[in-house]
Amino acid sequence: MAAAPTVAATRAGVSTAVLAPRPAPTSAFLRRTQATPHLHPTLKCRRAGPLTPAAAAAAAGGGSPSSAVFHGEVFVVGDNIDTDQIIPAEHLTLVPSKPDEYRKLGSFAFAGLPSGAYPTPFVAPGEESTRYTVIVGGANFGCGSSREHAPVALGAAGARAVVAESYARIFFRNSVATGEVYPLELNDAGAWKECKTGDVVTVDLGNSVFINHTSGKEYKLKPIGDAGPVIEAGGIFAYARKTGMIASKAAA
């Protein structure tokens, strides 16, 4: 049995000493869309001289590996969870660049799940954030339409990572681009069938492991690789500014 971490955990939440602070609603997605309310802005940038050392290291694969640790309760879903279940289409009029609408978007995360199959809501009625830090799913998570709102809604609700058997490619890309959640892939199938909503878990990126402390089972994760530093920076635009690939706002 895997040893539980040294911090105390409860069903209502866990010590913030383990959770990395989340700067919602001032996320990378907010920064990315501040200049336009649309979700697909056209990037116009210019190279300001040679690559910085940080950018050169990143381009050469020399960036630091992600070592974040997320600990808390898990919300469990099955195979083929589509983006309409993650955030129904009627809520796509919400503009994430507006803080109040960003929070509202989070309150509707997983609102499209059938209540018969998922009697426990991801976000409790009347609340804007979730108690579940980690989401565990089966195969083909995030399939369906390419709406960028899907990972944003999960991040706005307070989720930090999704652990699934496989992902729809567009959901994975949108998760990395927005920096809202880590889309982590399991080495083996079946974890979602062995976990229950409310179990206390830990996701350790540094060791590429997912631990269910309630059941005592441990699962190996595939390394997040080059996507990790992008998400850690807050998304693709924040990462590009951080590494000097595009000029920072202050220098623009």
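Residues count from 1 along each chain as its sequence is written, and side-chain values rest on heavy atoms, without hydrogens or water. As the model is predicted, local features need pLDDT of at least 70 and side-chain atom pairs count only at pLDDT 80 or more, while totals for chains, interfaces and linings use all residues.

Two strands pair if DSSP finds at least two bridges between them. Strands (E, at least two residues) and helices (H or I, at least four) are DSSP runs, numbered from the N terminus. Strands of a sheet pair through backbone hydrogen bonds, either parallel or antiparallel.

Look next at strand 3 (residues 69-76) and strand 4 (residues 132-136). They run parallel and are joined by four bridges. Val74 stands opposite Val134 of strand 4. Strand 3 also holds Glu73. Is Glu73 buried or exposed? Glu73 counts as buried because its relative accessibility is 1%; buried means under 20% relative accessible area, exposed over 50%, and partly exposed in between, using a 1.4 Å probe and protein chains only. The side chain of Glu73 makes a polar contact of 3.1 Å with that of Arg131. Such a contact is a pair of N or O atoms within 3.5 Å; within protein, one must be able to donate a hydrogen and the other to accept it, and residues adjacent in sequence count only if both atoms are side-chain atoms.

Now the cores. A nonpolar core is a set of buried Ala, Val, Leu, Ile, Met, Phe, Trp, Tyr and Cys residues joined through side-chain atoms within 4.5 Å. The largest one has 29 residues. Those with the most contacts inside it are Val77, Phe110, Phe122, Ile135, Phe141 and Leu154. Helix 4 (99-107), strand 4, helix 5 and strand 5 (161-164) each give two or more residues to this core. Helix 5 supplies the largest share, six residues. A second, separate core has 26 residues, including Tyr182, Phe210, Ile231 and Ala233.

Helix 5 (residues 149-157) is mostly covered: nine of its nine residues are buried. Leu154 is one of them. Beyond neighbours within four places in sequence, Leu154 is in contact (heavy atoms within 4.5 Å) with residues including Ile86, Phe110, Ile135 and Val181. After helix 5 comes Gly158, with a positive phi near 115°.

How do helix 4 and helix 5 cross? Their axes come within 7 Å and cross at roughly 95°. Helix 4 is therefore roughly perpendicular to helix 5. Axes are lines fitted to C-alpha atoms, for helices over the stretch in contact, and angles run from 0 to 180 degrees between N-to-C directions; 65 to 115 degrees counts as roughly perpendicular. Tyr102, Leu105 and Gly106 of helix 4 meet residues of helix 5, among them His149 and Val152.

Finish in the loops. Asn140 lies between strand 4 and helix 5. Asn140 is not a glycine, yet its phi is positive, about 60°. Asn140 is partly exposed, at 29% relative accessibility. Ser208, between strand 7 (200-204) and strand 8 (209-212), also has a positive phi, about 50°. Ser208 is buried, at 12%.

Key. Angles under 35 degrees count as roughly parallel, over 145 as roughly antiparallel, 65 to 115 as roughly perpendicular and the rest as oblique.
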